[in-house]
Amino acid sequence: MSRLRRLFAVSAAVALLSTSSAMAQSPPEPRYEVGKPLVYANLTVAPLYTTATDQPADDEEYLTLLEATKSKAIEVTELEGNTADAQVAAVHVTNTSQKAIFLMAGEVILGGKQDRIISNTTVLEPGTTKLELAVFCVEKDRWDGRTAAFKASGKIGHSKLRGRAAYDKEQDGVWDEVATQNAKSKTAPETSTYKASLEATQEAASRYVVFFEGKLAADARAVGVVVAINGKPVAIDAFANPRLFGKLRPALLESYALEAVTTKGEGTASAKKLKGFVTEATTAKEGKSAEDSGDCLLYTSPSPRDRQKS
């Protein structure tokens with residue numbers, strides 16, 4: 001598949017849209033207000049503010065994967081906690097804390113027999129043990145390791161890679177995108193790990209992150225962003241509340257920047273274009289998909305369907 005599909009209704013956003021008969025007869029109102037676009041080089045980022053009034057506010061204080069890793073509130077291992085039972089497409093996760101842990105589709109975990117990327121956004125409830133979490137390999141040429149444990153990288157894959165993992169769900173497609181990005185980043189790691197791209201572009205990407213973080217950090221209302229590269233919308237990332245968005249914002253900005261610094265071209269997206277994209281995405285009906293004209297992706301999380309406990 002040469003282009004990703006833009007699968008609005010397949011994303012977690014659907015759970016936030018009303019399914020009443022009244023709403024089915026007329027398109028629901030957009031759930032997000034788009035703020036003033038911010039521009040650095042070829043990357044345009046605009047904040048999103050929720051306008052939904054028919055959904056209860058979600059003020060839960062989720063732990064992120066990085067926070068949970070640092071506080072030892074989560075265990076992520078190969079299946080059954082040993083390398084002998086390891087499988088490429090799944091790992092076990094356990095929540096040892098009293099808080100829900102937010103695992104975002106696209107987060108990169110390092111270790112085990114090979115580095116992986118999380119496929120599905122998941123809210124890990126307190127007390128969950130050995131939940132089988134769907135993942136994809138982002139380190140094609142390694143299948144060994146002295147430990148079965150993983151750690152959070154604090155990194156999120158770029159939009160095309162997230163799309164391969166979350167929507168296409170084909171391992172070869174994920175490997176192809178990792179190889180493409182490594183080539184763009186001018187790196188050729190021995191194990192073909194995606195981590196090499198993250199490291200190779202970090203210095204250049206950091207300039208983007210500093211600029212946008214400086215603008216967005218003081219915005220206490222924003223729950224997410226809509227993003228364009230070279231004037232073409234590539235992603236919408238919106239979250240349950242500003243607090244969760246704030247925790248993930250630096251890693252998200254770095255993922256957009258990685259893609260921007262390795263994508264030739266120039267151009268910015270107007271507020272009108274971004275608003276149109278958001279409106280189209282958030283008013284899509286469940287079960288509807290639209291053929292992509294620009295590798296656009298939609299992520300809105302978490303939703304009730306993301307909650308997992310075992």
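This is a predicted model: local features need pLDDT of at least 70, side-chain atom pairs count only at pLDDT 80 or more; totals for chains, interfaces and linings use all residues.
Local features need pLDDT of at least 70, side-chain atom pairs count only at pLDDT 80 or more, and totals for chains, interfaces and linings use all residues. Residues are numbered from 1 along each chain as its sequence is written, and side-chain values use heavy atoms, leaving out hydrogens and water.

Confidence comes first. pLDDT is the predictor's confidence in each residue, from 0 to 100. The chain average is 84, and 79% of the residues score at least 70. Residues 1-28 fall below 50, yet this stretch has 74 contacts beyond near neighbours in sequence. A contact means heavy atoms within 4.5 Å. Residues 286-294 are also below 50, with 24 such contacts.

Now take Asn-42. This residue sits in the loop between strand 2 (38-40) and strand 3 (43-50). Strands (E, at least two residues) are DSSP runs, numbered from the N terminus. Asn-42 has 6% relative accessibility, so it counts as buried (under 20% relative accessible area, 1.4 Å probe, protein chains only). Leaving aside residues up to four places away in sequence, Asn-42 touches Tyr-208, Ala-228, Ile-229, Asn-230, Ala-260, Thr-263, Gly-265, Glu-266 and Gly-267. With Tyr-208 there is also a side-chain polar contact of 2.9 Å. A polar contact is a pair of N or O atoms within 3.5 Å; within protein, one must be able to donate a hydrogen and the other to accept it, and residues adjacent in sequence count only if both atoms are side-chain atoms.

Turn to Lys-130. Its loop lies between strand 10 (122-124) and strand 11 (131-137). Lys-130 is partly exposed at 47% relative accessible area, a class running between 20% and 50%. Its side chain makes a polar contact of 3.2 Å with that of Glu-80. Val-76 is 54 residues away along the chain, but its C-alpha atom is 8.7 Å from that of Lys-130.

Terms used:
Helices (H or I, at least four residues) and strands (E, at least two) are DSSP runs, numbered from the N terminus.
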